[in-house]
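Me: I would like to learn how to read a structure like this one, step by step. Could we go through it together?

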Number of protein chains: 2
Amino acid sequence: MAFQETFKALSDPVRRDILEMLKNGKLSAGEIGQKFEMTGATISYHLSILKKAELVRESKFKNFIYYEINTSVFEEIMLWFTQFGKINNETTNSNGGKNE
Amino acid sequence: MAFQETFKALSDPVRRDILEMLKNGKLSAGEIGQKFEMTGATISYHLSILKKAELVRESKFKNFIYYEINTSVFEEIMLWFTQFGKINNETTNSNGGKNE
DNA sequence: CAGGTATTTAGAAAAGTTTCTAAATAGAAA
DNA sequence: TTTCTATTTAGAAACTTTTCTAAATACCTG
């Protein structure tokens, strides 16, 4: 997984809204687009970024393309965040704990 | 907390590197800058974005400004991610589970 | 106070992102 | 096969972000 692509993908509010729409299951590109005041081309651009970041997967049925969440990349991102959970001040501090 | 500011702040690799540098304790703006091939002005710009997003806090000592991680915002972001943990396909699916 | 170091602010250039319209593709239905 | 619907691709315009240089601020040391 490429962190850069994943975080960039998550940095846009339209794309985070799309992910929230998908958390209860698959939706087609058209169904997703109905919720936004944007052209289908723009939604397609956002979906392509989510797909490149592997945050969603697509599947085809008739002439629809369905999108759904790909949980595994979310798990890897969560793991990245865990490193900031516990902070160790004072001991490794460059100024020997002099300030505050 | 403003999600938009937080996710935008996390979307830049320089800012994520700064956060990783800070996970063992405080560092001054100058100490942070030494690790990058960028002017101090650019580092200052990145620090201002991390500060606005409340991902870091600053404290002054002599004529240095020290930066450190602010854990609470990380916790809120982690919470946002948990909603994507369990996916419920088939039941709420707009196409009645016809595809795949 | 004068000179020095650390950091920020302002403004501009360069690079990247988001959105649009118009055209292309692909598959379904008639 | 022709036409229709769903979606994507291409190219351009508008906007945002990142970086730089130069100048400003702020605080420390002698």
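Me: Which phosphate oxygen contact does the side chain of His46(A) make with DNA strand C?

Reply: In this predicted model, an N or O atom in the side chain of His46(A) lies 2.3 Å from a phosphate oxygen of DNA strand C.

Me: Which parts of DNA strand C make up the atoms within 4 Å of the protein?

Reply: Sugar or phosphate accounts for 72% of those atoms, and bases for the rest.

Me: How do I read a pair of strands, and which residue is the bridge partner of Val56(A) in β3(A)?

Reply: In a regular strand the side chains alternate between the two faces of the sheet. Here β2 and β3 of chain A run antiparallel and are joined by six bridges, and Val56(A) has Ile69(A) as its partner. Two residues lie between the strands of this hairpin, where Lys62(A) takes a positive phi near 50 degrees.

Me: Is Thr6(B) buried or exposed?

Reply: Buried means under 20% relative accessible area, and Thr6(B) counts as buried because its relative accessibility is 0%. Thr6(B) belongs to helix α1 of chain B, and its contacts beyond four places in sequence include Leu55(B) and Ile77(B).

Key
Residues are numbered from 1 along each chain as its sequence is written. Chains are lettered from A and ligands numbered from 1 in the order in which they are written. This is a predicted model: local features need pLDDT of at least 70, side-chain atom pairs count only at pLDDT 80 or more; totals for chains, interfaces and linings use all residues. Side-chain values use heavy atoms; hydrogens and water are left out. Two strands pair if DSSP finds at least two bridges between them. Helices (H or I, at least four residues) and strands (E, at least two) are DSSP runs, numbered from the N terminus. Buried means under 20% relative accessible area, exposed over 50%, partly exposed in between (1.4 Å probe, protein chains only). Contact means heavy atoms within 4.5 Å. A residue is near a molecule or strand if one of its heavy atoms lies within 4 Å of it. A polar contact is a pair of N or O atoms within 3.5 Å; within protein, one must be able to donate a hydrogen and the other to accept it, and residues adjacent in sequence count only if both atoms are side-chain atoms.
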